[in-house]
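Here is a friendly briefing to read alongside the model. Keep the viewer open and follow the topics in turn.

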Amino acid sequence: MPDLEPAADGSPNGSPNGSREQSRAGGRYFMRFTRAQRYLHAVLFTTFLGLAGTGLPLRFSQSYWARRFASGVGGFGAILFFHKFCAVVLTLAFLYHVKDIFTRGLIHREKGIFWGSTSMMGNWKDVKDLFGHLRWFVGLGPKPQFERYAYWEKFDYWAVFWGMIVIGFSGYAMWFAPFFARFLPGWALNAVLVIHSEEGLLAILFIFSIHFVNTHLRPDSFPMDMVIFTGVESEEEFETKRPEEYARLAGQGKLEARISEKPAIWLVNFSRVAGFTAILIGLVLLVLTLSAYFRE
Amino acid sequence: MKTVSSIALALVAFALLAGARPGVAQAATDCLSCHADAGMQDGSGHSVSVDAQKFHSSIHGSLKCGDCHTAIKDYPHPDRATPVKCDSCHAGEAAGLIGSVHGDGAEHPCTSCHGDAHSIFPKEDPRSAVYPLNVPRTCSSCHGDEGMAKKHGLVSVYPLYIDSIHGFALSKEGLLVAANCQSCHGSHHILSHKDPQSRTYKANIPKTCGSCHAGITADYEGGVHGKAVAKGHLDAPVCSDCHTAHAILQPTEAAFRTQSTPICGSCHKEKFSTYRDTFHSQLGALGGYVETARCWDCHGAHDVLPASDPRSPIAPANLVATCGRCHAGANVSFVQYQPHANARNRKLNPALYFIRLFMNLLLASVLTFFVIHTVLWLIRSRYDQIKRRPAEGGKNA
């Protein structure tokens, strides 16, 4: 991900920036995610919850809860319908994102999309940060100074990116099996179900345990990192969590441009409700998945 | 009092008649002069009245009382009459009853099925207790009763039957050809299904059902199951193993489609287990989407044949047509899909086995690494936080 392009008025919420002085007085806030990025995440997590919530009952169709759920919504046919609906929405969001990246990187020649400290591309610093972080865990070294995207965040991004291609492709291959059979061998139609369900299981287990804890539930962010919902974070949070980005922006004199107003109270409350609902659904699905998986 | 007065009245009448034909008290009218009284009872309180009109319209209406009540020749007759022996005329039926499940005459008198002896109608008459449309109700007086059924260790089958496709055709549509109890079990010579002579003995069931379903039975007899049963392999299924005996459903019904796959699976365990791994099973596990392929959609229902038989729907040459019934556009490559693939079996499905292995290793390694990573991180962050802000209990910014 490249540097941010704030809205014309510098506010992530598009509201007038008259309160900038005020927010500076009560602790400064810095913009981290644009509105488009936050919307993308919102579409991503709602459709992902939808896909997980409908995919799991299909995967574990013999389990008690899957059957209860399915009979409640009108059978597995209805579940499949919602699954496909979420899949199409997520596919469109994914295609939009890919198009956006390439338009910005190749046509507008925006810097930092494909390489550099603001890119999602892995680099040598990520490798050093990973080992540095592990050393810090066990008290053998200082805490690494993270840039805009830390290595685990890049992993999350690429895991979703890879998962999207693998799960998407295998899903559409099942949906339009006779069409895909024109250029795929027959055994591939068997393979896509195995791949789809195993990769889906990995995505579900990863997001609902690792991503939740790394991003939201760890002590530094507990109980939830609101930045993906509000788009802004406090100066203290910014400086503690991403010291290298903070230092780089300060050194380049770009820090001021990122100042934003304190998030509106309704936005914070709305984000809490949406975020906690998502986490709760995710944790319930995690428990159901694990119980069904180990009972199989 | 009423009884006494009618007897007195009858005596007067009898005295007049007896004068004309002494010692012959056989004409129905003679007896009816007493027994027409609707309230007439014998010493133990049982009704001994006869509805003259009904009796005369019944199949026995032309008989004289003495034809059946042979012991009564004169009047006055003994208080206690000897039991009527139906077999003196109906010898064939009586012979059939011998050795049948209803052979005990004391517990199963003819009247328990045929109704009151003085109002028996031919079985073609809708008033008859054994008219086809009335048979299930007649049998249900015992076989629809939980208490009665339990006493003999039988299932109360009437409720199952009456909701079945046969019961529906009979009770709702009044189809005379719809199977009623005796269509399968026979009438007088009903034997236990354990008796090899019984029409409901497993090996005889195809023939019994085939007495109506001739076409399907012919298909069945040509299939592997029918051939096995004909050879005496009674592990192979007959009609009732898949369709059940009494609660038979319309086979296209959602309930039947969802209930029957496990029935095939009770013998074909390995195939059932691999079927359950597929999308066909996952999607169709419940009602609401029952059109996904079940065993018989691909293998055929009655004339099940091995894939090596060119007539089989799963013979390689027929697969495009068979799969194409649901999957429009199925081609030669499409039908290479294995509906019973087993990703856990390295020998049978090596490609699938290694794909699954790779995916499992990926899943296990990613999760293992990140669980360790996350747990260490949690501990360290918490430790750091408390150290940094001990006064605030290590709270966040």
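A:Lys154 and A:Asp126 are both buried, and their side chains meet in a salt bridge at 2.8 Å, N to O. A:Lys154 sits in helix α6 of chain A and A:Asp126 in helix α5 of chain A, so this pair ties together parts that are 28 residues apart in sequence. Please keep in mind that this is a predicted model.

**Salt bridges**

- Over all chains, the structure holds 22 salt bridges.
- One of them joins the side chains of A:Glu256 and A:Arg28, with 3.1 Å from N to O.
- A:Glu256 belongs to the loop between α11 (243–252) and β3 (259–260) of chain A, and A:Arg28 to the loop between α1 (20–25) and β1 (29–31) of chain A, so the bridge ties together parts that are 228 residues apart in sequence.
- Are the two partners buried or exposed, or something in between? A:Glu256 has a relative accessible area of 43% and is partly exposed, whereas A:Arg28, at 17%, counts as buried.
- The side chains of A:Lys143 and A:Asp220 also meet in a salt bridge, here with 3.8 Å from N to O.
- This pair links distant parts of the chain, 77 residues apart: A:Lys143 is in the loop between α5 and α6 of chain A, and A:Asp220 is in the loop between α8 and α9 (227–230) of chain A.
- A:Lys143 is partly exposed because its relative accessible area is 29%, while A:Asp220 counts as buried at 16%.
- Which residues are joined into one network by salt bridges that share partners? They are A:Arg28, A:Glu235 and A:Glu256.

**Where chain A meets chain B**

- Chain A brings 52 residues to the contact and chain B brings 51 residues.
- About 4,600 Å² is buried between chain A and chain B, and carbon and sulfur atoms give 69% of that area.
- On the chain A side, A:Phe137, A:Asn190 and A:Pro219 lose the most area to chain B, together 14% of what that side buries.
- How many salt bridges are counted between chain A and chain B? The count is zero.
- Eight residue pairs are in polar contact across the interface of chain A and chain B, with both residues at pLDDT 80 or more.
- Several helices of chain A give two or more residues to the side that touches chain B, among them α2 (35–59), α4 (76–107), α6 (151–175) and α8 (186–217).
- The largest share of that side, 17 residues, comes from α8(A).
- By residue type, the side of chain A that touches chain B divides into 32 nonpolar, 12 polar and eight charged residues.

**Aromatic rings**

- The count over all chains comes to 32 aromatic pairs.
- A:Tyr157 and A:Trp158 form an edge-to-face pair, because their ring centres are 5.1 Å apart and their planes stand at 90 degrees.
- A:Tyr157 counts as buried, at 19% relative accessibility, and A:Trp158 counts as partly exposed, at 32%.
- In chain B, the rings of B:Phe369 and B:Phe370 have centres 5.2 Å apart and planes at 90 degrees, so that pair is edge-to-face too.
- B:Phe369 is partly exposed, with a relative accessible area of 35%, whereas B:Phe370 counts as buried at 5%.
- Which residues make up one aromatic cluster with B:Trp377? A:Trp136, A:Phe137, A:Phe146, A:Tyr151 and A:Trp152 form that cluster with it.

**A closer look at B:Arg257**

- B:Arg257 is found in helix α16 (residues 254–265) of chain B.
- Why does B:Arg257 count as buried? Its relative accessibility is 10%, and buried means under 20%.
- The side chains of B:Arg257 and B:Asp297 are joined by a polar contact of 2.6 Å.
- Leaving aside neighbours within four places in sequence, B:Arg257 is in contact with residues including B:Pro251, B:Thr252, B:Val290, B:Glu291, B:Trp296 and B:Asp297.

Methods. Residues numbered from 1 in each chain as written. Chains lettered and ligands numbered in written order. Predicted model: local features only at pLDDT ≥ 70, side-chain atom pairs only at ≥ 80, totals over all residues. Heavy atoms only, no water. Contact = heavy atoms within 4.5 Å. Buried area = accessible area lost by both parts, 1.4 Å probe. Salt bridge = Lys/Arg side-chain N within 4 Å of Asp/Glu carboxyl O. Polar contact = N/O pair within 3.5 Å; in protein donor to acceptor, adjacent residues only side chain to side chain. Helix = DSSP H or I, 4+ residues; strand = E, 2+ residues; numbered from the N terminus. Nonpolar A, V, L, I, M, F, W, Y, C, P; charged D, E, K, R; others polar. Buried < 20%, exposed > 50% of the residue type's maximum accessible area, 1.4 Å probe, protein only. Phe/Tyr/Trp six-rings, centres within 6.5 Å; stacked < 30°, edge-to-face > 60°.
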